[in-house]
Amino acid sequence: MTDFEHYDDNEEEYKSKTQVKREMEALQDLGEKLTNLSAGQRKKVPMSDTLRAALEEADRIKQWGAKRRHLQYIGKVMRTEDADAIAARLELFDSTSAANNKRFHQLEATRDALIGENGKSILDQYIQANPSVDIQQLRSLVRMAAKEAEQGKATTQRKKLFKLLREVQDTQLGLL
């Protein structure tokens, strides 16, 4: 069997050197994004202890050349990680990402629906869908935010309600 026939049978398995290099650089770039996260955000990202230790070590390195070599090491460690799960979690932290914007708009819509005229039925549906929510706090914030909206006052209670909804969603997503 010639090399050509071998590659023809296993076409999906064959990757050029350039493709492999691009994939490794993408993993290295993802690792570099991880180094820019705060310690609290890193705890929320699913990763192995080896990668976590490498990221902590990267924080201690100050020299550019050493940091560049360490980023290459992080890229190598990233080969054994679930890069898709890490990238998805990073996207939630990125305030400019489409996923974060979509999540933000959904939370706003939920908040506005809770405050709106049909708020009672929507509140009951929300409580059913999210049994871990502090019902008393939620009802209180909805009531105060609705009153605030009627009077055309500042948006303090609406912001507090949004924050509570975001915390509930973060808990469900494992971000807290």
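In which handedness of crossing does H2 pass H5? H2 passes H5 in a right-handed crossing. A crossing counts as right-handed if the near helix is turned clockwise from the far one by less than a right angle, and as left-handed if anticlockwise. The structure is a predicted model, in which local features need pLDDT of at least 70 and side-chain atom pairs count only at pLDDT 80 or more, while totals for chains, interfaces and linings use all residues. Residues are numbered from 1 along each chain as its sequence is written, and side-chain values use heavy atoms, with hydrogens and water left out.

The protein has 10 helices and zero strands. Helices (H or I, at least four residues) and strands (E, at least two) are DSSP runs, numbered from the N terminus. Read from the N terminus on, the elements run α-α-α-α-α-α-α-α-α-α. Of the 176 residues in the protein, 31% are buried, where buried means under 20% relative accessible area, exposed means over 50%, and partly exposed lies in between (1.4 Å probe, protein chains only). The protein exposes about 12000 Å², and carbon and sulfur atoms supply 49% of this area. Accessible areas come from the Shrake-Rupley method with a 1.4 Å probe; for residues, only the protein chains shown count as cover. Among contacts (heavy atoms within 4.5 Å) between residues at least 6 apart in sequence, 55% join residues at least 24 apart.

Two packed helices are described by the angle between their axes and the distance between the axes. Axes are lines fitted to C-alpha atoms, for helices over the stretch in contact, and angles run from 0 to 180 degrees between N-to-C directions. Angles under 35 degrees count as roughly parallel, over 145 as roughly antiparallel, 65 to 115 as roughly perpendicular and the rest as oblique.

The axes of H2 (residues 17-35) and H5 (residues 64-78) come within 8 Å and cross at roughly 110°. The two helices, H2 and H5, are therefore roughly perpendicular to each other. On the H2 side, the contact involves Leu-27, Gln-28, Leu-30, Gly-31, Glu-32, Leu-34 and Thr-35, which meet Arg-68, Leu-71, Gln-72, Ile-74, Gly-75 and Met-78 of H5. By class, the residues of this contact are six nonpolar, five polar and two charged. Ala, Val, Leu, Ile, Met, Phe, Trp, Tyr, Cys and Pro count as nonpolar, Asp, Glu, Lys and Arg as charged, and the others, Gly among them, as polar.

H5 also meets H4. The axes of H4 and H5 come within 10 Å and cross at roughly 170°, and H4 and H5 are therefore roughly antiparallel to each other. Thr-50, Leu-51, Ala-54, Leu-55, Glu-57 and Ala-58 of H4 meet Lys-67, His-70, Tyr-73, Ile-74, Val-77 and Met-78 of H5. The contact of H4 with H5 has eight nonpolar, two polar and two charged residues. Tyr-73, in H5, is partly exposed, with a relative accessible area of 38%. Not counting residues up to four places away in sequence, Tyr-73 touches Thr-50 and Ala-54. The C-alpha atoms of Tyr-73 and Leu-51, which are 22 residues apart along the chain, are separated by 9.6 Å.

In H6 (residues 83-93), Ala-83, Ile-86, Arg-89, Leu-90 and Leu-92 are buried. The buried residues of H6 pack against H2, H4 (49-60), H5, H7 (98-115) and H10 (156-173).

The axes of H7 and H10 come within 10 Å and cross at roughly 125°, which makes H7 oblique to H10. The crossing of H7 and H10 is right-handed. Residues in the contact include Phe-104, Leu-107 and Arg-111 of H7 and Leu-161, Leu-165 and Arg-166 of H10. By class, the contact of H7 with H10 has eight nonpolar, two polar and seven charged residues. Leu-165, placed in H10, is buried, with a relative accessible area of 0%. Leaving aside neighbours within four places in sequence, Leu-165 is in contact with Leu-107, Thr-110, Arg-111, Leu-114, Tyr-126 and Leu-138. The C-alpha atoms of Leu-165 and Glu-108, 57 residues apart along the chain, are separated by 9.1 Å.
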